[in-house]
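Hi,

Here is the structure I said I'd pass on. Have a look at it first, and my notes follow below.

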Amino acid sequence: MGVSVDVHQVYKYPFEQVVASFLRKYPNPMDKNVISVKIMEEKRDESTGVIYRKRIAICQNVVPEILRKSLSTLVILCWKKVSILKVPNIQLEEESWLNPQERNMAIRSHCLTWTQYASMKEESVFRESMENPNWTEFIQRGRISITGVGFLNCILETFASTFLRQGAQKGIRIMEMLLKEQCGAPLAE
């Protein structure tokens, strides 16, 4: 089955400032779930100017303890499958392609943990706003699909959908705060 979460936000700040804030957004005291972010690879294509980055984020396992315990109790037969929820941290891989000349950055992220039971993918783009070239548009589509735990797939997907929506809104608030701290008030129309 699977669930999708779509996000659209216009930051009233120039593209370069928004991307710079995004790249140093985590770790941040406003979101304790993200423990660390490490750049694994960074290279620039000399012919196009596109900067490619691969980063790994280590995040706290956000599946609530009560849900982990409830699932374990409900599915004694699937214990091995459900026990994977007990890991303390999860890893996310993010790849980005920043094109400074065209003023856009494409991002693809996916979860490296629980891959045999869950697929979590996000595709995002930052680009110059069509409304105002001094603003930046952010569009994100996330999808999560859980398999292998029978009727519990739906329960976990519902939790994941709620968490992704809340996480997206939290990420937007953090970006707005960082931009305001670093750049001052948003630009007017």
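**What I found**

In the protein chain, 43% of the 189 residues are buried, where buried means under 20% relative accessible area, exposed over 50% and partly exposed in between (1.4 Å probe, protein chains only). Bear in mind that this is a predicted model, where local features need pLDDT of at least 70, side-chain atom pairs count only at pLDDT 80 or more, and totals for chains, interfaces and linings use all residues. Residues are numbered from 1 along each chain as its sequence is written, and side-chain values use heavy atoms, with hydrogens and water left out.

On the overall layout: the protein chain has 4 helices and 7 strands, taken as DSSP runs numbered from the N terminus (helices are H or I with at least four residues, strands are E with at least two). Along the sequence they come in the order β-α-β-β-α-α-β-β-β-β-α. Of the contacts (heavy atoms within 4.5 Å) between residues at least 6 apart in sequence, 63% join residues at least 24 apart. The chain exposes about 10600 Å², with 56% of it from carbon and sulfur atoms; that area comes from the Shrake-Rupley method with a 1.4 Å probe.

Two loop spots are worth a click. Proline 27 sits in the loop between α1 (15-23) and β2 (34-44), and the peptide bond leading from tyrosine 26 to proline 27 is cis, with omega near -10 degrees. Arginine 103 lies in the loop between β4 (89-99) and β5 (104-111). Its phi is near 55 degrees, a positive value in a residue other than glycine. Arginine 103 counts as buried because its relative accessibility is 16%.

Cheers
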